[in-house]
Structures are given as structure tokens and as C-alpha cells.
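Have the viewer open while you read.

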Amino acid sequence: MKLIAPAITVICISFLMSGLPFRGHLYAGEGGKISSPTIQTIQSVQLSDSLVMVTHHQFPVPDFDNHLRTIYKESEELIWLASRTGIYQFDGENVGHFASLDVQAQGINKMRTDQNGDIWCWRNFVYRNNPIRSLILVNRKEGTAMDGMYFFEGKSGQENIEFGHIDQLHDHSLVFNTTDGRVFILSDRKNIEEVPLDQPTRFLGELDADHWIGKTEGEMGTRLKIYDYSGRERATTEATNSTDHLINCHIKNGELVCVEWKHENLQILVFQLQNDRLKLIETVSPPPNMGFIEDPIMFFLERETHVDILTFDGRQFNRHETLSRTQEEVIGGSLPSPIVKGKKGYWIASSTGIHSISGRKHPFNSLLHRTDETPISFRKIAYIDSTTALAASYSGLYTIDLQVPNNPLASGPDENLSDCMGPFIHSFAASKLYEGFFYFGMANFARYNPTTGECALVVDLKNKGIVDLWDIVHLWDHYYYLGTDRGLYLFDESEKSFTKITLHAGDDAATTSTINRIRFIPEEELLYLCTSNGLIVADLKSGNPESPVINHLLKPRRNVNDIVFLDDGSLLISTWGDGIILLSYPGFNKITHFNTNNFLKSNSTHNLMRDQIGRIWFSANHGLYLYDHKEGVIRIFTEINGLRENEFNHLALAVPPTREHPTILGGINGLSLFFPEKISLYDEMIEESFIGIRLNDRNEETSSYPLYSVDQNGFYAVQVPASAERLTFKLPLESHLQVHNLYFRFQNGEYEWTKTDSDYLPIQMLDPGQNTIEILLEFQDHSLVKLSKPLSISHSPASITALQVLIATGFLGCLILIWWAYLAQYKKPEEKEDAANDHPPLERTDQAKQILKPTPEKKSELSVFIEKFEAIEKKNIEMPAYDPELKKRLNQIFEEDEEFIKEVTVDLLAKKINISKRHIFRKVKDATGLTPNKYILNLRISKGRLMLQENPDLNISEVALNLGYDKTSYFSKLFKNIYGMSPSQFRESYLKLLEAENHQTNP
């Protein structure tokens, strides 16, 4: 009887687990443990015109030792890792704990798979001062490790052997080489064959399907010999003592190329086959500190800051690619195994995890003149002719001479100007009356000739209470406007007068504190003032700059930094702290925000610039951004993409006079030069390898759904199973990059991009049925990929399957059996009666009642409970609205027609408010901050919560039907997703609290 309950429990668990699907990228090792995604950090290193991308993966697995001994690439989708504590699988994102090993397995140096797919490891370690060289076999299906020597025990001539090498042949057979020079071929574990050789031989490599090369040692010296797999000798060299340290050979351009490792130095020996003789024709000594990669034709050369990957063409070494030296032990000594080559780069094992490394060209040329720690902090940059620009900074004035590309800042800073007005310079403009002179300002305002060094103070701004002069713009003739932290000033160069300008809007003065930027359009005689209190638009048609007439004071009144007009007349505004604001034309009544909720990494944005093909660039406190108005997409560039830095200043962006000259971007520590038209908005990638589907119940990825299916409209067609909750977009293993953010919008292009903050698209955000959407993927290096065709997604809400009903019924039955077994085993009738008499009911005294009675000031538990749900609804439904009138109208529709909530769809809602289906998404989102489907869903579930609370006689199924849900389970699932508890749990908790409160009020 004591075993009844445990036995039934085990049977029930086994029954339930048999009905659950298990799928994943990785095989399950001990207990099927699959870890969470790896921790990834990205950095880049600039070398000449190459940008080296380094992604460092660390594994958050309990007891995982991130010090990797070796790695083995089984395929383009799977890498095996060997640390000092175990063997693991890695698919580029997740790591799976496959098999734990004892401490003696720390010396794993090579891993290979046999024809059954199991892993053989060769290990070399020291145990009690004795060197041990042996094999480990890891069973792939079971995730267990065993001593590989077991397959050699009990066989004649195979006792007490040690293995010094393991390799893999073209047919996936394995070659084992013992320390005493014997060679074994494993194609079937039941039949491990020894190659019959006339003398001890070191296996050096497979030459073709029928031949291999080995090294023999005898009394007369060392020979290289070519064998077939029956052990017959086909060719040999003369006896020599110069090849006793060969470790690897391969065929290259019809010649035999062998690698010799002697006294920690490499040497390459080249042989030619002449009849049955191998003749040494050349010895090549590579540079010092060179090692070799598993691929026998690839070599690496360690330098102080990086690693060069080299190829050998038979006569000389050529640099193939440059990798970053990310840390001291990145190569891991002289072993070849820590580096393997992938499709788009290399995988390098290190003492702190694994690095994926790839090289690419980068579009930015970064410059830095100062070598000390004093920041330059460029404030304003402007071209003065086609090859020369001036750069004002906190360190003085620099001259940028583009005719000296290697050191264009050699002529700065200008000490004469610094002596005149100090090192801090914010802005400048060319003089119109005095040839060669410029005006510079921050807390002082001075006229200066960079050629002669002549400098004269014009106005002491500190005496006028001005701390910062932000911008200087020439109007016409001898007039200039100066934007300061105290407002707008007019400078008359001929009179040398300095006048404060009062900006009038009718009878009221427009209050402005700081003028950040001045934009003057002479053809239209319009003035745009970017101020700390919004954007002021004024005209100067009167010709009197002392009295500009304000036409508009555009709202919202944010701290505006810069503006630019788009081709369709819309206005783009950069702000301090509020991101980028797009005001649509005509009327400027539609406002679109770009901030950290969608494309931006920082809400403090600075300069706006139009490039040669009409796109907009702007700098921010976290990178340089490219905005394409037609696509509605913003791409970011940072240090990872080749910029000198990520932090940029106001006005530090110089537009070139011609296409032949670069745009100059200034930051706090240097300059970045680039040609905007050479930089694309999107990166090109193979899209068909991205898509997969995750199951709803286990939240694990199933088999991949390729995008090869194209429907009659030319869209990628995807049929989503009812059980799926997300579409996941992933790259192949060798890309080294993972999806960082995903954006989507409905296909007609009028809607804004919606960010998901993940690598997947939630299916519940879409309408049941057919959806046509565009997909935009942002990767960890900030690159963007837009699927070339929209995604046509067909799906239906998940329904209860027969298997799920069977599992649920079995689960309920198991619970009843377990409870019955427990009562039968542990509870006797007399014990139950005694237990009931041990604790008689307690009676509360009047004093206790008074203490427990809530005070008027304290909220009851019921109030706190209801407020928690109301707060969730307020967050979900009462979102910030840019169209309050439509939001009010939507609320009235549902209040006046209570039955509408039951039948409402997006189409019916569009007809009700007289808006086309094409525009309903954007209109409802402007009004509620939510998509139409999300708004309807939240409103329905909120109504359902009130029904459960106010109508206790209604059962859950009736509530669901009143809301338009035929299936109670689907309503319960949606309710729980929003509130964190099921409808029945909510009603039960509410009624208990209500009863308790009534009892306290009326005891």
C-alpha cells in the first residue's frame, strides 16, 4: 500500500509526457536540458579600410566552464564545444548541455563524429604525473559519455594502447593513430579494422578517396609514404632527418604541401611526385608566431592587436583576412582546434567563451588629431571651400584640409584665436565686409583672420548676460542673426551694433529662452528659429531684420534643435529629449514620433541634413542615423559600423559642396568622414533562411517554414498552424548575428512600423484569417533587412484538439486516483475523527472584531483587488491619443450600443465610424495608441471582467457568448493573458473578498 501513490504518480506523469511534443534545435543530453540563449556582446575593430566584427558568446549554463579547450563544426548549423567540465552543442544562439565529463577529461583536443553521428573525443592529459592519451565516446541519443577504449579491449594486440591522433575521412569513417604508430579505421564499431603496415606510421592526412600519407621513422631516418587503405605503399621519399616534426599534409595545385611544427615554429615543405618518389623541391619559412587552422591550407599570424588569416599558394603566404585579437588567450596556444572556418567568418574558442568573427568594408573614415586624453568635442563644422573646412571645438579652432587625407587636422588648433577669445568656440560665420575674416563666438564674440592671425573682440557677451552663443547666420548685406541662450540678437557688421530682437505674435511676445539653431531661406524670405520653446516661423519680407513678423508658432512646444523640409512639404524636427518629430503636409496636423520606442537609441537628436539622393541624416547622443521618408525607416550607425564614436554635438555636421567631397561629422573625440550616397538603407541577405514557427504550448521552435512559397500576388505565403503563437526570424549559424528587433506594418505602406522588441512576430497581434504585412529586421550590428516581398499570413485562433482533451481528462483522472491512494494509505477513519476534534471552532471577541475592522482611511482588500485590475485596463485601453475626438467617438459607439461589442470586427468598426479599411489601422492607433484588433480585444476582456464582477449568476460560458466568443476556453485564455488569472479564479477571489467585506460591515 505504501507504494500506491508514488506508482500512480509515475504512471500519470509518463502518460501525460507521452502526449507532449518535444522539438528544438539541439539534441537533448542529460535530462534533455536546453539552456537559455547565450549572452552576446559585439565590438568592432578598424584596420585600414576593413571593419572587423566580433561577437562574443558566453554561456549562462549552471556549472558551465566558459574556458573552451576545443571546438568542432559538424555542419553549418551546429558546433560542438569542449570545456573543462563537459561537452556542449551550440547553434549560434542557444547552447545545450550535452554530456558531463570527469575531471580527467580536461585535456580534450579533438572531436569528430562517426557514421552514427556520435562524438569521438581524443584527450591528452596528465594523471598523477603520467601522460594519458585516450578516447571518449559520447552517445548522441542518450547524452552519456563512456571510455572509447572499451571497443579495443579484449582484442588480440590491442591491450594497453594509447591514442595520439584522431581524424575524419571523406566518407565519415574515423582514423585512430596510436602513440606506437598503428592506424585503425572505424567505419563500424563492431568491426574496427587495423591497417596492416610494415612499420610504425604517423597518419598525416587523407589525399583522396583511396590514398593517405603517413610518416615513418627508422634507423636510417624519417620517410614520407603514400599508402592505400589496404596498407600498400604507393610512393615514398628518401630517408631524411628534416621531416621528423611533420604534423599535417595535403595536396595543393598538384603538389604535396606539409606543415612542420618544430620548436614552436612553423615550416612548410613542398614535395613533387615523380614516378613512385616524393621529391622535396622547396622549404618555406613563414613569419614568426604563425600557427595553423584545422583547414590545412589556412594559417594564422598573431600580432599585437589582431590576427591575420593567411593562405599558402605553394610558394608564398598571402593575407586572406584580418581578425581582432579580442583578448590574450583568444587563440589558446599552438593547438589548431580553437579556430574553425565558417561561411562568413571564423569561430574562435577562448578562455571566456566563443567568438564569431568576420571582416567587411566600412563606409566611414575616422580621424583623431589629439593623442592625449583632452577631448576635442567639435561644436560646429562648415566647409569654406571645396577642400577646406573649419571645425570649432572646446579645444579651439581646427582647419580641415582634405588635400592631406592622412592628417587633415595637422594645422589645428589655432592658438592665435584661442589667445583672443579662449579655447571654447561654439559657432562661426564668414564676414561679408572684410575678406578672409570670420566671426566666432561662445561667451565672447570676435572677428578673426585665420591667414594673418589678426583677432579683435567685437562684443563681450558676458556683460550682456549671455553664456552661450549657439549659432551665427548671415542674412543679407551686413546683417547677421545670432542665436544665444538669452534669445535672438541682430548684429550689424557695418555699424558694429548688437541688438536684442523681440519676437511678436500679434500683440503677444513669443517667449523664447534659447535659440538653438537658425535656418534662413533667402528665396522665400522666411526665418525658422529652433528654440527651447518650440519652432518659430517668421517672415522678413519687410526687409527690416529688427522686426520679423511671426507667421506660426508650431506646436508641440518642445526644445527644438534643427529642422528640414521633405520633398512632399512635410517638416522634420529634431529635439532635445523628444526624438524626431514629423509634421505632415499640408496643415502639419498629423504628428509622427520617432524615439526610443521605435527606431532610436537616444531621444536627444541634433543636426538634420539632406543627402544627394533626398534621404535625411541626423546625429544623436547615440550614433548617426539615416532616415528614408518613403520607407518610414530609420537606420543607425555607431562604432560597430566604423564611426569614430557614438556621441555627437549640435551643429557638428558639414555638408560637402560637391559629391566628390565627404560629409564631415564631428563628435567629442574626433571626426568621421563619409559619402552618404554610398551607404544603403538596407543590407542584402538571403531571406528564405529566416522564418520558423514556435509552438504555443511549449514555446519551442518547430521545423522551419521556408519562404519559398509565393502566392498569386507575389507575396510570401505562410500557413500558420492554429497552435502557433509566433513567427520567428533567424539567421543561419554562420551569419554570427541575431535579430535584435523586429518591425512590421500592414502592406499598403500608410501605417507606421510597429516594434516588437524581439526576434519574432506575435501571431495574436494579427486578425484571424488573412494578413498581409511587411517585415523589417534589425540585427545586432544595427544593419536592417527588409523582406523583398510582403508576408501573406493565414491563421486561425487556436482550438482545443482531441489530444488536448485526452490529456486534460487523463490529468483529472490521475489527480482523483492520487487523492484516493493518499487517503487509503495515510488516513484512517478514527484519525480523521480525532483530527476534527483537536481544533474546535474559535469564536472572536468583540475586541478582536474591533481590531480587525478596517479603519475608514485604509482601503479594503476588495478595493485594492479591483484597483489592480482597473490599473491594468487603464494601461491597456487608455493609451496616449493623438486624435482625442476619434477616441471619444469610439467610446460613445460602445457605450450607446452594448450589443456591438459582441459582433464587432475591424470591418464593422470601419463602417461604423465611416473610415475605409485601408485607413482604419492608422486612425484607431492615432486615437487609442493600439491596433484595432488590440483595442477591440482589450475592450472585450474589460467588459467581461465587469460582467463577472457585477453578474454573479452568469456562468463563464454565458459571459464569453455575450462578448462574441463561441469557445469559453479561448475567452479564458485571453482573460488570463491580460490579467494573470482565469475568469473563474477572478470571480472566486472577488466573491470571497466581497463576502468578507460584507461580514466586516455587518457582523
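This is a predicted model: local features need pLDDT of at least 70, side-chain atom pairs count only at pLDDT 80 or more; totals for chains, interfaces and linings use all residues.

Which residues does Lys912 touch, not counting residues up to four places away in sequence? Lys912 touches Arg889, Ile893, Asp897 and Phe900, where contact means heavy atoms within 4.5 Å. Lys912 itself lies in helix α9 (residues 906–912). At 41% relative accessibility, Lys912 counts as partly exposed; buried means under 20% relative accessible area, exposed over 50%, and partly exposed in between (1.4 Å probe, protein chains only).

Residues are numbered from 1 along each chain as its sequence is written, and side-chain values use heavy atoms, leaving out hydrogens and water.

Zooming out, the chain has 14 helices and 69 strands, which are DSSP runs numbered from the N terminus (helices H or I, at least four residues; strands E, at least two). Of its 1003 residues, 50% count as buried.

| Pair | Angle | Axes |
|---|---|---|
| α7 (residues 884–896) and α11 (residues 932–950) | about 40° | 13 Å apart |
| α11 and α13 (residues 968–979) | roughly 95° | within 10 Å |

Axes are lines fitted to C-alpha atoms, for helices over the stretch in contact, and angles run from 0 to 180 degrees between N-to-C directions. With the angle of about 40°, α7 is oblique to α11. With roughly 95°, α11 is roughly perpendicular to α13. The cut-offs: under 35 degrees is roughly parallel, over 145 roughly antiparallel, 65 to 115 roughly perpendicular and the rest oblique.

On the α13 side, the contact is made by Leu937, Asn938, Ile941, Ser942, Arg945 and Leu948 of α11 and Phe971, Leu974, Phe975, Ile978 and Tyr979 of α13. Those residues divide into eight nonpolar, two polar and one charged (Ala, Val, Leu, Ile, Met, Phe, Trp, Tyr, Cys and Pro are nonpolar, Asp, Glu, Lys and Arg charged, and the others, Gly among them, polar).

As for α11 itself, 15 of its 19 residues are buried.
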